[in-house]
Amino acid sequence: MQEIIKDIRSQLRRAMNGIVSASMREKGVSYRLNFGVSLAKIREMAARYDKNVELARTLWKEDVREMKILATLLYPVEAFSKKEAEEWTSEIHHLEIAELYTLHMLRFVPFAQELAAAWVVRRDGFFPVTGFLLYARLCNQGDLLLPNPTEVLFWEAKTCLDNGISRLQRAALLALKRYGRQSALHAENVLELVADYVHSDLPERVEFYEDLKFEFEYYL
């Protein structure tokens, strides 16, 4: 295990992009170490190793951007539990990690909808953002949401959008877009949900409505 970690560190040093790393720091993306390595290169590195629970857990615990991303690529998803999903999500501090964690792992677990429904109602840390991102991924891959989770998604997304523009609102908006793109009926339901935004005095609410409308006109 230590030899693998040592090999990964060595590869990261060789692949380091200082300009990208500095740019991310300037934008407030702060890690103990950030090598600025591209996602394509990180995926290339991950392909050299077998998936392993302990290796992934060790990498995740490091406050190093690339190691956290590698962890999401090297954890055998079939071994990932609800308890560990809660633990990992509680340790997320950056949107990129939430997005890749959802893309590489969470959307494949059999309890994904359960996690999404539970997390979007929370307001601590990255739980709600990750919940909406997970809903978006599930819809994007064609999963039909069960009635109750759909009700939770609509209620929580609308509540978030009512509060203006932020990282959380953008995640909620993305989930509604992906849900609406599943069918014309879904799109109609989403637009009905935010119909009161059409004549709102708040520019961001009008923007939300127009963004959703444009999305569905383009894809459906």
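Here is a short chat about the aromatic rings in this predicted model.

Tutor: Local features here need pLDDT of at least 70, side-chain atom pairs count only at pLDDT 80 or more, and totals for chains, interfaces and linings use all residues. Residues are numbered from 1 along each chain as its sequence is written, and side-chain values use heavy atoms, with hydrogens and water left out.

Student: How many aromatic pairs does a search of the whole structure find?

Tutor: Twelve. Rings of Phe, Tyr and Trp (its six-membered ring) pair if their centres lie within 6.5 Å; planes under 30 degrees apart are stacked, over 60 edge-to-face, and the rest tilted.

Student: What makes Trp60 and Trp88 a stacked pair?

Tutor: Their centres are 4.2 Å apart with 10° between the planes, so they meet the limits of within 6.5 Å and under 30 degrees. Trp60 sits in helix α4 (residues 53–61) and Trp88 in helix α6 (residues 82–90), 28 residues apart, so the pair links distant parts of the chain. Helices are DSSP runs of H or I, at least four residues, numbered from the N terminus.

Student: Why is Trp60 called buried?

Tutor: Buried means under 20% relative accessible area, exposed over 50%, partly exposed in between (1.4 Å probe, protein chains only). Trp60 is at 1%, so it counts as buried; Trp88, at 3%, therefore counts as buried too.

Student: What makes Lys68 a charge over the ring of Trp60?

Tutor: NZ of Lys or CZ of Arg must be within 6 Å of the ring centre and within 35 degrees of the ring normal. Lys68 lies over the face of Trp60, at 4.5 Å from the ring centre.

Key
Helix = DSSP H or I, 4+ residues; strand = E, 2+ residues; numbered from the N terminus.
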